[in-house]
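This report describes one protein model together with its ligand. The sequence and the coordinates are shown first.

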Amino acid sequence: MTKKDQSPDAPVPKRRATAESMASRQREISVSEFFTKNRHLLGFDNPAKALLTTVKEAVDNSLDACEEAGILPELLVEIVEVAPAPSPNQPSRFRVVVEDNGPGIVKPQIPKIFAKLLYGSKFHRLKQSRGQQGIGISAAGLYGQLTTGKPVVITSKTGKGRPAFRIDLRIDTKRNQPDVVKDETTDWSDRDHGTRVEIELVAAYRGGRTGVQEYLEQTVVANPHLGLTYVSPKGERLEFPRVSGELPREAQEIKPHPHGIELGMLQTMLADSPGKTVKQVLCDDFSRVSPAIAQQVCQMAKVNPRAPADRLHGEELERLHKALGEVRVMAPPATAVVPIGEALLIEGLKRRFPKAEFYSSTTRAPKVYRGNPFVVEAALAYGGDLPLEEPAEIMRFANRVPLQYQPKACAISESVYEVNWRGYELQQPKGGLPVAPMAVVVHLASVWVPFTSEAKEAVAHYDELLEEMKHALRECGRKLAAHVRSRAHADRELKRRSLFEKYIPEVAAAIGDILGISKEKIEKPFYETLPVFVKFADEEGHAKEAPKEGTRANGGGGESAEIKEDGEAPGPVPGTPAPPVAKGKRKDRNKGKQLSLLE
Ligand SMILES: Nc1ncnc2c1ncn2[C@@H]1O[C@H](COP(=O)(O)OP(=O)(O)OP(=O)(O)O)[C@@H](O)[C@H]1O
Ligand SMILES: [Mg+2]
C-alpha cells in the first residue's frame, strides 16, 4: 500500500462486488466457448487464413489417416465460392470439400470427431503424426458454423460393400457436444472407403505465399506418395500425380523418455497406476528403462522400488524425478521418427521446381530434445528458372506439413538466416536471406513438434533443433558450393575455348606467312593442344583475378571453415583473351608446348 492510500483523508473506495456476488457469476467455460472468442489462437484470425486453416486441418487428417491405415493417399480438395463477395475486397462464402480414400470413420465416432473440440486419437500417444492436439477439424467446423450458421457435412465409408453414412453436424458450444442435424445412409459408390468433409465458411481466397494453392504445392513436395486433385474456386483443376508408390515407413509409437519427463507428468503417471510398484511403473511406462535401470534410479533417489506407485509424493517424488533426469540411459529409438529421405526430398522438389539446375538434400541422424526424438532434413533447388535477384524461398515443414505463417517466430527461418551462405558462393546481405535463384526446404520430423501456439504455425526455438537445422543446411550448402564452382569452371573453359578458336586461324595464317608453311598445317597442332591452353589460361586467370563482388565469401560469420575464402575465381573479362603463359613450373611446361608447336 502506498503512503497516499494510507492517509486518513483518502476516500474509502465503495465496494462494488462481494465475494458472494462474484461467486454467483463464476462458472465453467466450455472449450468451444473459449475458442469461439479466441479463434485466432487456432488460426482463424482473418478470412484468408481461415480458408487455409480449414483446408489444412482436413488434408492433414486425411494424410494421417491414410498413412496409419497403410493406404496410399489419393485426395480431392475442392473450393467452391457459394456466394460472391459484396464488394471486391470483402470476404465471401466458400464451401471447402476434402475427400480421401482413407480407412473411413465408424459411425458413432463421427459426431465427436467433427463436433467436439479436444477429441482425437493422437494427443495421448507419442507418435509422429501431422495432428497432435485433437482440436483441428472440429475448430474448422466451429468457425464455419459461427460465420455461416451451416452444419458440417461428413460422408464416410469403412469398406467395400459397407454402407456409407452422411451426417450433418452442429456444435453445441455451451456444452462442447455434437448435435446431429441429419443422419442418412447414402450410396457413395466412388470410393471403397474414405471420408469426405464439407464445411461452409466466410473466407477470402488469396494466392501467394500464404494461399491454399501454395499450401497444396508445398504439401506435394513433402509427400511424394500423395496423389492430389485440386479444384480451385475459379474452377481450374490441377492434378498432382504421386511420384513415389511407397508409403513412408510407419512411425513407431514410443513411451516418454526418462530425460524429458516433467515432475507433474511423473506424478500423474504414478498416481494413475494403483496396484503397481514404483519399479514396475518405471519399467512399463518409460522408454529405455530396464529393470536394472529402474533399480538404479530408485537407489539414486533413495526410494523403495517396491513402494506402491500411487502413494509416492513430496520429497520422495522430487528425488525420483531428479534421478530419472540424471541416470544414464540410451537415447529414444530412432525408429520413432520418419524422415522423408534424401532421394524423395529431391523428387518432391522436382515436382515443384522441375526446371532447376541443381538439387541437393541431407537427412541428419536422429537426435533428442526434451526427451523427444527428432530428425532434421534440408534440401535445396538452385538455378534454372528460379528468380535470380530475389531472396531465396524458404519452405518450412513440420512432420511433412507446410508452415506458411509466422516465419519470423519460427526456428526454421532463423536457421536459414543464421547460416553464412556467403561461404557457399552465394550473396547474402548482412542479417538477411541469401539472394540467389534458390529454394530451401527444412523439415523437422518429431514425435512431438514444439509449436509456438495451437495454430501450429511456427516451431519454438530449442537450441538442439536450431543446431541440427543449421548443420543440415550447411551440408546442402557445401554440395551447392561444389556445384557452383564446377559450373563456373566449366563456363570459363567454354569461354576461353571459343576465344582461342577465334584467334587460332589468324595466328596460324601469320606464322604460316613467316615460315612459308600452309595455314592448315599450323592450325592442326594448335587445335590439338587447345584443351591444354584453355586449362592453363583458366588456372592463370583463377590465380590473378580479383573476387567478383557478391559471388565470393566476403567476410562475416565464422562458419565457413570448409569453404576457403580464396576459392574459385570468376570468369575472364569478356573480350580479353588471357595469354596462355603461366609462372614458374607452369611457364616452363607451357614453353615446351609452344616449342613443340613450332617444330
Ligand atoms: N479423414 C479422416 N479419416 C479418419 N480419421 C479421421 C479423419 N479426420 C479425423 N480423424 C480422426 O479424428 C481425430 C480428430 O481430428 P482432429 O483434426 O480434430 O485432431 P488431431 O488430428 O488428432 O489433432 P490436431 O488438432 O493437431 O489436428 C483424429 O485424431 C483422427 O483419429
Ligand atoms: Mg487434425
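Residues are numbered from 1 along each chain as its sequence is written, while chains are lettered from A and ligands numbered from 1 in the order in which they are written.

**Confidence and make-up**

The mean pLDDT (the predictor's confidence in each residue, from 0 to 100) of the protein chain is 86, and 87% of the residues score at least 70. Confidence is highest in strand 7 (residues 227-231), with a mean of 98, and lowest in helix 17 (residues 584-598), with a mean of 37. Residues 545-599 have a pLDDT below 50, yet this stretch has 70 contacts in the model beyond near neighbours in sequence. Two residues are in contact if their C-beta atoms, placed from the backbone, lie within 7 Å. Where pLDDT is low, the predicted coordinates should not be read in detail.

The protein chain contains 17 helices and 14 strands; helices (H or I, at least four residues) and strands (E, at least two) are DSSP runs numbered from the N terminus. Of the 599 residues, 39% are buried. A residue is buried if 20 or more other C-beta atoms lie within 10 Å of its own, exposed if 12 or fewer, and partly exposed in between, with C-beta atoms placed from the backbone. Among contacts with a separation of 6 or more, 72% join residues 24 or more positions apart.

In helix 4 (residues 47-69), 23 residues at 1.5 Å a residue should span 33 Å, which agrees with the 33 Å between its end C-alpha atoms; the expected span is 1.5 Å times one less than the number of residues. Of these 23 residues, 19 are buried. Gly70 follows the helix with a positive phi near 75°.

Ligand 1 is surrounded by 21 residues, the closest being Asn61, Ala65, Gly120, Gly131 and Gly136; a residue is near the ligand if its C-beta atom, placed from the backbone, lies within 6 Å of it. Helix 4 gives the largest share of this shell, four residues, and helix 6 (136-148) also supplies at least two.

**Strand 3**

Strand 3 (residues 152-157) is largely enclosed by the rest of the structure, because six of its six residues are buried. Val152, Ile154 and Ser156 lie on one side, and Val153, Thr155 and Lys157 on the other. The strand pairs with two others (DSSP finds at least two bridges between paired strands), as tabulated.

| Partner of strand 3 | Direction | Bridges |
|---|---|---|
| Strand 4 (residues 164-172) | antiparallel | five |
| Strand 6 (residues 194-203) | antiparallel | five |

Val152 stands opposite Leu169 in strand 4, and Lys157 has Gly194 of strand 6 as its bridge partner. Six residues lie between strand 3 and strand 4 in their hairpin, where Gly161 has a positive phi near 80°.

Most residues other than glycine have a negative phi. Arg400 has a positive phi near 70° and sits in the loop between strand 12 (393-398) and strand 13 (401-403). Arg400 counts as buried because it has 26 C-beta neighbours inside 10 Å. Gln406, with a positive phi of about 55°, is in the loop between strand 13 and helix 13 (411-418). Gln406 has 17 other C-beta atoms within 10 Å, so it is partly exposed.

Notes:
Predicted model: local features only at pLDDT ≥ 70, side-chain atom pairs only at ≥ 80, totals over all residues.
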